[in-house]
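Let's walk through this structure together, starting with its strands and then moving on to a pocket and a few charged pairs. Keep the 3D view open as you read.

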Amino acid sequence: PAVKLPFIGSYRWRDSETVLFLPYEGENQGVLMAFSVTTGIVRALTNPAVKRIRVLNDQWTVSPDGGRVVYWNADDSALWVITLP
């Protein structure tokens, strides 16, 4: 059955159990988050004190192995790569 997820934002699948997302609102805006569909646990993958993520035109994707995210940075119009924990 369909289930309402605990976030509003842009999302991509990392693997069969994890959804990565960028919240559109709230205190975690600009933070790459992970949601486990099996446990319901939400955790931050990036540190907003170091760098807030601003994606231009929803242009971001997860690498096939799930280890990295590449995005088009809205601040400098360059491609940035994040290595995930």
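An open sheet of 3 strands has the order S5-S6-S7, and its pairing is antiparallel. Its edge strands are S5 and S7 (79–83), each of which pairs on one side only. From one strand to the next, the twist averages 20°.

This is a predicted model, in which local features need pLDDT of at least 70 and side-chain atom pairs count only at pLDDT 80 or more, while totals for chains, interfaces and linings use all residues. Residues are numbered from 1 along each chain as its sequence is written, and side-chain values use heavy atoms, with hydrogens and water left out.

**Strands and pairing**

- Strands here are DSSP runs (E, at least two residues), numbered from the N terminus, and two strands pair if DSSP finds at least two bridges between them.
- S6 (residues 68–73) and S7 run antiparallel and are joined by 5 bridges.
- Within that pairing, Tyr71 has Trp80 in S7 as its bridge partner.
- S1 and S2 also pair in the antiparallel sense, over 6 bridges, and a hairpin of 2 residues joins S1 to S2.
- Ser10 has its place in strand S1 and stands opposite Leu22 in S2.

**The largest pocket**

- A pocket is defined on a 1 Å grid over the protein atoms alone, as an open set of points where a 1.4 Å probe fits, with protein on both sides within 12 Å along at least five of seven lines; lining residues have an atom within 4 Å of a point.
- The largest pocket has a volume of about 240 Å³, where volume means the space filled by probe spheres set on the points.
- Its lining residues are Ser10, Leu22, Pro23, Tyr24, Gln29, Gly30, Arg52, Ile53, Arg54, Val55, Asp58 and Trp60.
- Strands S2 (18–23) and S5 (55–62) each supply at least two residues of that lining, and S5 gives the most, with 3 residues.
- By class, the lining has 6 nonpolar, 3 polar and 3 charged residues; Ala, Val, Leu, Ile, Met, Phe, Trp, Tyr, Cys and Pro count as nonpolar, Asp, Glu, Lys and Arg as charged, and the others, Gly among them, as polar.
- Ser10, one of the lining residues, is buried, with a relative accessible area of 5%; buried means under 20%, exposed over 50%, and partly exposed in between (1.4 Å probe, protein chains only).
- The C-alpha atoms of Ser10 and Asp58 are separated by 7.2 Å, although the two are 48 residues apart along the chain.

**Salt bridges**

- The structure holds 4 salt bridges, each being a side-chain nitrogen of Lys or Arg within 4 Å of a carboxyl oxygen of Asp or Glu.
- Asp58 forms a salt bridge with Arg12, and their closest N and O atoms are 3.5 Å apart. Because Asp58 lies in strand S5 and Arg12 in strand S1 (residues 9–15), this pair ties together parts that are 46 residues apart in sequence.
- Asp58 is partly exposed at a relative accessible area of 37%, and Arg12 is partly exposed at 21%.
- Arg54 and Asp75 meet through their side chains in a salt bridge (2.7 Å, N to O). This pair links distant parts of the chain, 21 residues apart: Arg54 is in the loop between strand S4 (42–44) and S5, and Asp75 is in the loop between S6 and S7.
- Arg54 counts as partly exposed at 45% relative accessibility, and Asp75 is partly exposed at 48%.
- Arg68 and Asp65 form a salt bridge between their side chains (3.8 Å, N to O); Arg68 counts as partly exposed at 38%, whereas Asp65 is exposed at 55%.

**Backbone points to check**

- Most residues other than glycine have a negative phi.
- Asn57 is not a glycine, yet has a positive phi of about 55°. Asn57 lies in strand S5 and counts as exposed at 57% relative accessibility.
- Ser77, also not a glycine, has a positive phi of about 55°, and Ser77 lies in the loop between S6 and S7.

Definitions and conventions: Helix = DSSP H or I, 4+ residues; strand = E, 2+ residues; numbered from the N terminus. Axes fitted to C-alpha atoms, helices over the stretch in contact; angles between N-to-C directions.
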